[in-house]
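Here is a friendly walk through a protein model for anyone meeting it for the first time. Have a look at the fold, and then read on.

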Amino acid sequence: MFRAGPSLQFRRAYFFLWLLAYLAIYYGFKESLPEKYGRDAGFLADVMEIGRLADTSFSTMAAIYGALPGWFLPHLPAFVGGVSLWVILSYVRSYQTMLLLFVLLPPYLLLNFLYPSKETLVAIMALAVYAACRKIKGTLPVFLVILALYVPYGIFIRQYYLLILAVFTAIFLIMRTNSIVWMLLACAGIVALALIPNEVYFQIQSPRDAIYAQLSSGSNLFVRTCFPNPLPPDNAFNFLVNTLYGLLVLFVPFIIGQSVNEVLLLINVAAYAAMVYYGLKHMRGGAQLPYMLFIGHILTQAQFEPDLGSYMRHFSSVFVLIAPALPFLFAPQPVQQKDRAAATIAA
């Protein structure tokens, strides 16, 4: 059975079962789920009711959602989640992938598509990047689309998305240069790190320590997998150590937690890493850019992500970016020509 692969009809039935299950939870049972799934969305709803606070990402998102028709906003996450499901499941080519998605899709849907939130807009941006790769020929136009999406989002909503964009651009330049130029860029990067004021490092990484201190000082909000920086983020060396430690914890979650949740997170991390690997290996031209962008997300999260649950929500929100690599995960032989053509979406 595993050797033959599912038929088109079976894959369609698989998609509709996932869609029906998701919509049933969204419209029938989401209020009975644990409070953690709607915590940020609940705060966003409060901001929409009381008006603008200080210049925060929640205030900006509240203004954006407040401009939408009242009847449409409650259905927006379901619409975005349904479209995202269709994109992801259109790349299923094996029974093994179908089984793997029983681990990948529940956190993706439950953490990102139950309520209007900041992640809803991020998922829309991911769909826009995916559509650009499908419709636009050439690397530079796709690169410009990513800039056009991430720059306004970074300026008006989440400033760290500008850092994601900077890391993505660095990866893009490194991967398109030879080894000598790559080494020169790496040396220039090291020099730049040494010249950056220490206040910048503190601004980037201190939120992790601030959140950890808040949650460990008698706060009613208990987060089991919250963790601090090992060193004060006040110089370049400590910044690099904290970054490496953050990557280690995020890629090997058993360091700070030993439960079924950490097992599921590790499977998710391994699957996403495999998709990035195969995407960069098999894609060409503009089709490689979403995988570089995803790496930008992960490397940026390593700077300040305060807990494993927040990490899973943030990296899974852009699953659509790397979904075209799904056919490569369990291919027993080189992917068939038609699947390779479908996966290489903007060569």
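## A word before we start

Please keep in mind that this is a predicted model. Residues are numbered from 1 along the chain as its sequence is written.

## Charged partners

Side chains of opposite charge can pair when their charged atoms come close. How many salt bridges does the structure hold? There are two.

One of them joins the side chains of Arg158 and Glu119, with 3.0 Å from N to O. This pair links distant parts of the chain, since its members are 39 residues apart. Arg158 sits in the loop between helix H7 (139-156) and helix H8 (160-175), while Glu119 belongs to helix H6 (residues 118-135).

Glu119 also meets the side chain of Arg313 in a salt bridge, here at 3.7 Å from N to O. Again distant parts of the chain are linked: Arg313 is in helix H14 and Glu119 in helix H6, 194 residues apart. Taken together, Glu119, Arg158 and Arg313 form a network of salt bridges.

Arg158 has 6% relative accessibility, so Arg158 counts as buried. Glu119 is buried as well, with a relative accessible area of 3%. Arg313, at 17%, also counts as buried.

## Rings that meet

A pair of aromatic rings is described by the distance of the centres and the angle of the planes. The count for this model comes to 24 aromatic pairs. Two of them are set out here.

| Ring pair | Centre distance | Angle of planes | Arrangement |
|---|---|---|---|
| Tyr26 and Tyr27 | 4.8 Å | 75° | edge-to-face |
| Tyr311 and Phe315 | 4.7 Å | 55° | tilted |

Why is the pair of Tyr26 and Tyr27 called edge-to-face? The planes of these two rings stand at 75°, and planes over 60 degrees apart count as edge-to-face, so the pair gets that name. Tyr26 counts as buried because its relative accessibility is 2%. Tyr27 is partly exposed, with a relative accessible area of 49%.

Tyr27 is found in helix H1 (residues 8-29). The C-alpha atoms of Tyr27 and Pro74 are separated by 9.9 Å, and these two residues are 47 residues apart along the chain.

The pair of Tyr311 and Phe315 lies within helix H14 (residues 308-316), where the two residues are four apart, about one turn of the helix. An α-helix has 3.6 residues a turn, so residues three or four places apart point the same way. Both Tyr311 and Phe315 are buried. They also belong to a cluster linked by ring pairs, together with Tyr108, Phe113, Tyr272, Phe294 and Phe319.

## A lysine over two rings

Which rings does the charged end of Lys30 sit over? One is the ring of Tyr26, with the charged end 3.8 Å from the ring centre. The charged end of Lys30 also sits over the ring of Tyr115, at 4.6 Å from its centre.

## Inside the fold

Helix H3 (residues 57-66) is largely enclosed by the rest of the structure, because seven of its ten residues are buried. Those buried residues are Ser57, Phe58, Ser59, Thr60, Met61, Ala62 and Tyr65.

Thr139, in helix H7, is buried too, with a relative accessible area of 15%. The side chain of Thr139 reaches the backbone nitrogen of Gly286 at 3.2 Å.

## A nonpolar patch outside

Now for the surface. Leu248, Phe251, Val252, Phe254, Ile255, Val260, Val263, Leu264, Leu266 and Ile267 make up a nonpolar patch there, and their accessible area together is about 750 Å². The elements that give two or more residues to the patch are helix H11 (236-251) and helix H12 (260-282).

Which element gives the most to the nonpolar patch? That is H12, with five residues. Ile267, one of the patch residues, lies in helix H12. With 33% relative accessibility, Ile267 counts as partly exposed.

Key: Predicted model: local features only at pLDDT ≥ 70, side-chain atom pairs only at ≥ 80, totals over all residues. Heavy atoms only, no water. Patch = residues over 30% accessible without salt bridge, like charges linked within 9 Å, V, L, I, M, F, W, Y side chains within 5 Å. Areas by Shrake-Rupley, 256 points an atom, 1.4 Å probe, with all protein chains shown as cover. Salt bridge = Lys/Arg side-chain N within 4 Å of Asp/Glu carboxyl O. Buried < 20%, exposed > 50% of the residue type's maximum accessible area, 1.4 Å probe, protein only. Phe/Tyr/Trp six-rings, centres within 6.5 Å; stacked < 30°, edge-to-face > 60°. Lys NZ or Arg CZ within 6 Å of the ring centre and 35° of its normal. Polar contact = N/O pair within 3.5 Å; in protein donor to acceptor, adjacent residues only side chain to side chain.
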